[in-house]
Amino acid sequence: MLRTTLFATLVAGAFAVPAFAQDGAILPGYWEVTNKVSAVISQTKKETRCITPSEVQKFMMGPSNRHYKCDYPTRVFKGGKITLKGKCATKNGHTALLEATGSYSPTTFRMVADIDTSWSGLPLSGRATTEAKRISDTCPAPPAAAS
């Protein structure tokens, strides 16, 4: 179950925010993001995210976070199309192969990723889908700090 949870975390976290297009097509602002993960378990998470101009660049590299590192020998964000192919590894060495395709515009983003890994020697596959739309040019003000 730990590997299944780790797999779901890897997949869900991988696409929590729209990636920045190398040709500058995705705009900063306030985004609504829906992530769906289907593997041994299925999950859907919907959230809103603020992407500031200074944060946009860090999303350019493709999915990665503090729990795992991904390397994408194939990383193409061009002409409204997305192609990613690579491998992600956790700190303890568990790996997963990832292939993703999608599309984007200045205010929309859609990516579908197929992930292949193993758990206790058995193959495990899953699919993650991210659909996002920009809902505002500006982000809401942060809540006031409690005194």
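Colleague: In β4, which residue is the bridge partner of F77?

Modeller: This is a predicted model, where local features need pLDDT of at least 70, side-chain atom pairs count only at pLDDT 80 or more, and totals for chains, interfaces and linings use all residues. Residues are numbered from 1 along each chain as its sequence is written, and side-chain values use heavy atoms, with hydrogens and water left out. Strands are DSSP runs of E, at least two residues, numbered from the N terminus. β3 runs antiparallel to β4 (residues 81-90), and the partner of F77 there is I82.

Colleague: How many bridges join β3 to β4?

Modeller: Two strands pair if DSSP finds at least two bridges between them. For β3 and β4 the number is 9.

Colleague: Which strands are the edges of the sheet?

Modeller: The open sheet has 7 strands in the order β2-β1-β7-β6-β5-β4-β3, with antiparallel pairing. An edge strand pairs on one side only, which holds for β2 (42-51) and β3 (68-78).

Colleague: Is K69 buried or exposed?

Modeller: K69 is found in strand β3. Buried means under 20% relative accessible area, exposed over 50%, and partly exposed in between (1.4 Å probe, protein chains only). Because its relative accessibility is 60%, K69 counts as exposed.

Colleague: With which side chain does the side chain of T130 make a polar contact?

Modeller: T130 lies in strand β7 (residues 122-136) and, at 1% relative accessibility, counts as buried. A polar contact is a pair of N or O atoms within 3.5 Å; within protein, one must be able to donate a hydrogen and the other to accept it, and residues adjacent in sequence count only if both atoms are side-chain atoms. At 2.6 Å, the partner of T130 is N35.

Notes: Helices (H or I, at least four residues) and strands (E, at least two) are DSSP runs, numbered from the N terminus.
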